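Subject: Structure for your files

Hello,

Here is the structure I said I would pass on. Please open it alongside this message.

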Amino acid sequence: MKNRLKVERAILNITQEELAEKIGVSRQTINSIETNRYVPSTLLALKLSKLFEKSVNDFFELEGDEK
């Protein structure tokens, strides 16, 4: 699954730590999502969507066999 979290975070000029604090996860979780090592839960994806005021589809996209 591809994601645009790092790009969207950079647009708002916030650190991984700041983002993690805002949505109640660790900085390592944010890093793992950004580097495609962790697929967030639906709840976490919705929290990101709300915080950035974008749809979940704006952040995450299925790839190849995942479709």
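Predicted model: local features only at pLDDT ≥ 70, side-chain atom pairs only at ≥ 80, totals over all residues.

Residues are numbered from 1 along each chain as its sequence is written, and side-chain values use heavy atoms, with hydrogens and water left out.

Helix α4 covers residues 42–52, and its buried residues are Leu44, Ala45, Leu48, Ser49 and Phe52 (buried is under 20% relative accessible area and exposed over 50%, with a 1.4 Å probe and protein chains only; helices are DSSP runs of H or I, at least four residues, and strands are runs of E, at least two). Down the axis of α4 these buried residues fall within an arc of 140 degrees, so they line one face of the helix (the arc is taken from the directions from the helix axis to the C-beta atoms). Thr42, Leu43 and Lys50, on the other side of α4, are exposed. Just after α4, Glu53 has a positive phi of about 55 degrees.

The buried face packs against α1 (5–12), α2 (16–23), α3 (27–34), α5 (56–59) and β2 (60–61). Leaving aside neighbours within four places in sequence, Leu48 is in contact (heavy atoms within 4.5 Å) with Leu5, Leu19, Ile23, Phe59 and Phe60.

In α2, Gln16, Glu17, Leu19, Ala20 and Ile23 meet Arg27, Ile30, Asn31 and Glu34 of α3.

Regards
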